[in-house]
Every structure is written in structure tokens, then in C-alpha cells.
Amino acid sequence: MPFLIAFVTVVGVLCAVDLVLSVGVIRRLREHSEALAALRRGPEVMAPAGSAVGPFAAVTTDGETVSDDTLPGTPTLVGVFSPGCPACAERMPSFVDAAKNRAGGRSSVLAVLAGREEDVAAERAALEPVARVVIESSGGGLTRALSVSGFPAFALVDASRTILASGTSMEGLGA
């Protein structure tokens, strides 16, 4: 009988140790899953969803003034690009396609080119048919208002100046 009691005690201790180790492994797997999900989303290059857009005022290449007060009632699709940026060149066609299919048309799409006018001529030509285009220096009014820290950056902004979605690609914006 003492042998049986000792055996059950050892098995119980082994089960308790196994349970503690399993909880630790599960916790570590969750941390890794969250880290992988963050990598898939890409780095934060713009203010996250739910953030408010800061005040801004800019003039488009057509001479139209756009500001935080003149955002249309439908969510505005915003894309921020930089000349010489390989990722910008790669993702611009998907932005142009999304802009062509916007319910609000050209007035609900805003493209920001961060650079000198002579450096962004090709991008400007591609974007002007589908978006209102603003050319400004990096760190200008719109890029500051959107807290842009990298390129390309995309967002959906509603009329109340709230960012509905943001990221480094068009996927996941719901545009």
C-alpha cells in the first residue's frame, strides 16, 4: 500500500509540473502569434485607426484648397508617397485601382506626394486622373497631420477627421 501511495503522489507531481509547463508554452505561443501578426501588418507608418487627424490646409495641383474642415461626407482614401521609394512604386497601382472604384469619385481620394515638384512628375501624372494631389515637402502639413513616419502610407479618414484604417498597403483598409 505505501508503494501505491508513493506512485500516485509521483504521478500527481508529474501532472502538476506538466500543467505548469503547458501553460508556459501556450503563453509563449500567444506572444509569438501576436508578434507574427504585427509583422504581417507592417510597421506603423501613420497614425493608427481611431486616431484623430491633426489640422491641415493644403493646395492641390489643381489649385483647390483642401483642409481638415473640407473632408467629404464619405470616407476619404488617403495615400502618401515619396519619390524614389521602391515600395511606393510597387503599391501605387493598387491605390490607383482603389481610387478609380471609389463611390465618391475623385473628390473622395487624396494623394500626397512628399518631395520636390520636379521629382514627383511621374507620380503626379499617374495620380491626377483619379485623386486630388498635394505636393509638399516631407514633414509638411498633411504628413504631420497624419503622423506619417514612412512611405507608402494609406488611410481611410471620415468627415469627423477620424482615421478608420491605416497601413502600408491597401489590403485591410476596406477601401
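1. Buried means under 20% relative accessible area, exposed over 50% and partly exposed in between, with a 1.4 Å probe and protein chains only. Phenylalanine 154, at 0% relative accessibility, therefore counts as buried. Phenylalanine 81 is buried as well, at 1%.

2. On provenance: this is a predicted model, in which local features need pLDDT of at least 70, side-chain atom pairs count only at pLDDT 80 or more, and totals for chains, interfaces and linings use all residues. Residues are numbered from 1 along each chain as its sequence is written, and side-chain values use heavy atoms, with hydrogens and water left out.

3. The structure holds 3 aromatic pairs (rings of Phe, Tyr and Trp, the last by its six-membered ring, with centres within 6.5 Å; planes under 30 degrees apart are stacked, over 60 edge-to-face, the rest tilted). The rings of phenylalanine 81 and phenylalanine 154 have centres 5.6 Å apart and planes at 70 degrees, so this pair is edge-to-face. It joins distant parts of the chain, strand β3 (residues 76-81) and strand β6 (residues 153-157), with the two residues 73 apart. Strands are DSSP runs of E, at least two residues, and helices runs of H or I, at least four, numbered from the N terminus. Ring pairs link Phe81, Phe95 and Phe154 into a cluster.

4. Valine 157 also lies in strand β6 and is buried, at 3% relative accessibility. Its contacts (heavy atoms within 4.5 Å), not counting residues up to four places away in sequence, include Val53, Leu71, Pro75, Val78, Leu146 and Ile163.

5. Methionine 1 lies in the segment before α1 (2-41). Methionine 1 is exposed, with a relative accessible area of 70%.
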